[in-house]
Structures are given as C-alpha cells and as structure tokens.
Amino acid sequence: MKYNLKMPLRIDTKSEEEKLIDFSYELYLHLQYQRCIDKISLLENSSIPKVFFQSNYLLGCCYKDLGIKTESENITIAIEYLNKSIEYFDKLSLDYQPDFSVLTNKGIAFNYLGYMTDNLEEKKIHFNNAASNYTVALTLDDQNALPYQNRAAANYELLRYCKNQAGFSKLITLIIEDCDKALLLDNSIQIAANLRMHVQSIRA
C-alpha cells in the first residue's frame, strides 16, 4: 500500500531552501520522519511557490508514514498523524494543479484511516475519499499500477455499503477491472492478484 515518495518539482537554483529540502528528503528516505518534520517545517509557509509545494508535500508524506508506522503502538496517535498528513496534502490542492504524487499519497492516507477507524460511516467516507483521489491520479498517469490496486482495495471495503445487488455487482466488476489493470502493468504485485481471486470467488 505504500508509495515511494518522489519529489514532483525541482527548484531551479541551489538556494538555501533547496538545500534544506534535499537534506530533509534524505532524512525521509532514511525513515527519520520526526527529524524531517522538524527541519522542513521551517519552510511550510514559504512565499516561494515551489518551496511551499515541496515542503508541504514532504510534511504530508512524513505524517502519512508516521501514521502507518505508529498504528501498532498507538492507533489514536496514528489517526492524528494521518489526518495531519491530509491537511498538508489539502493545502496543495487549493493553489496548485492536481499532482499525481500528492493524490496518490493522499489516497493512501485515506485508505489507512479507513482501516484504522471503527465507526462504519467514517470508514465509508475515508474509503470513498481514497477511491476519488486514485481516480483523479489515474487521469494524470494511467501507467502506474499502484493507484489501480489501491482503488480496488478501497472499493472492496465499500462493498459492505452496497444497498442492492446491482450496485454490489457493479462494484465487484470495477474491482476486478482495476486488479487486471494493475497486474497488466506489474504482474508481481501480490495484493492485486489475491484481491482479484477473492472477489472473483464472491462473484461466483
């Protein structure tokens, strides 16, 4: 379910801001999320659009991965981290064009919120939001397997909310189609293969 962070923009000159972003990015890659947050938070209100984008994107990814990492230790704090990550990703949705990396990571945060939340109505909202973000991401890049697989996983969780057989069957079909597309792009992803087999047995 994880998505390897890629910096979607590069700053043209080696400014002090870019050096700090590069250093923080290295901290992220070494799983030092809190140190990365402490460093990059200095830039989150930058007046330079590219710096603002990169710093808030990196903060969103750090809090997302902190949330995933913290789930087994303290699920309440994990949910707080995931909600915070979405706040940072949302900031980038207001003043920028849709970005594949932002939408994909935001979708992952919503997926995990859905898994961690006990309230059924909140689960439905989170998985719907996840599926919506993956759908927009795929309009930007339809040659990446991960959004197909993760949208299928979100829609699988939404099966319980179907109110009639027609809606249930339609969603089953969408899940299988997404799994097929994911496997066509990357036949090594086991989650899509297992999910397809399971959903196919439900249809049968």
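1. A crossing of two helices is called left-handed if the near helix is turned anticlockwise from the far one by less than a right angle, and right-handed if clockwise. The model discussed here is a predicted one. In it, the crossing of α7 and α9 is left-handed.

2. Two packed helices are described by the angle between their axes and the distance between the axes. For α7 (residues 145-158) and α9 (residues 190-203), the angle is about 35° and the axes lie 10 Å apart. On the α7 side, Q149, A152, A153 and Y156 take part in the contact; on the α9 side, the residues are I191, A192, L195, H198, V199 and I202. Sorted by class, this contact comprises eight nonpolar and two polar residues, with no charged residues.

3. A second pair is formed by α3 (residues 49-70) and α4 (residues 75-95), whose axes are 7 Å apart and meet at an angle of about 160°. Angles over 145 degrees count as roughly antiparallel, and α3 and α4 are therefore roughly antiparallel to each other. Here too the handedness can be stated: α3 passes α4 in a left-handed crossing.

4. Which residues make the contact between α3 and α4? From α3 they are F52, F53, N56, Y57, L59, G60, C61, Y63, K64, L66, G67 and T70. From α4 they are I75, I77, A78, Y81, L82, K84, S85, Y88, F89, K91 and L92. By class, 15 of the residues in this contact are nonpolar, five are polar and three are charged.

5. Helix α1 (residues 16-29) consists of 14 residues. From its first C-alpha to its last it reaches 20 Å, close to the 20 Å expected at 1.5 Å a residue. The buried residues of α1 are E18, L20, I21, D22, S24, Y25, L27 and Y28. Their cover includes α2 (33-40) and α3, the latter being the helix that also packs with α4.

6. The loop between α1 and α2 contains L31. Most residues other than glycine have a negative phi.

Terms used: Residues numbered from 1 in each chain as written. Predicted model: local features only at pLDDT ≥ 70, side-chain atom pairs only at ≥ 80, totals over all residues. Heavy atoms only, no water. Axes fitted to C-alpha atoms, helices over the stretch in contact; angles between N-to-C directions. Helix = DSSP H or I, 4+ residues; strand = E, 2+ residues; numbered from the N terminus. Parallel < 35°, antiparallel > 145°, perpendicular 65-115°, else oblique. Contact = heavy atoms within 4.5 Å. Nonpolar A, V, L, I, M, F, W, Y, C, P; charged D, E, K, R; others polar. Expected span 1.5 Å × (residues − 1). Buried < 20%, exposed > 50% of the residue type's maximum accessible area, 1.4 Å probe, protein only.
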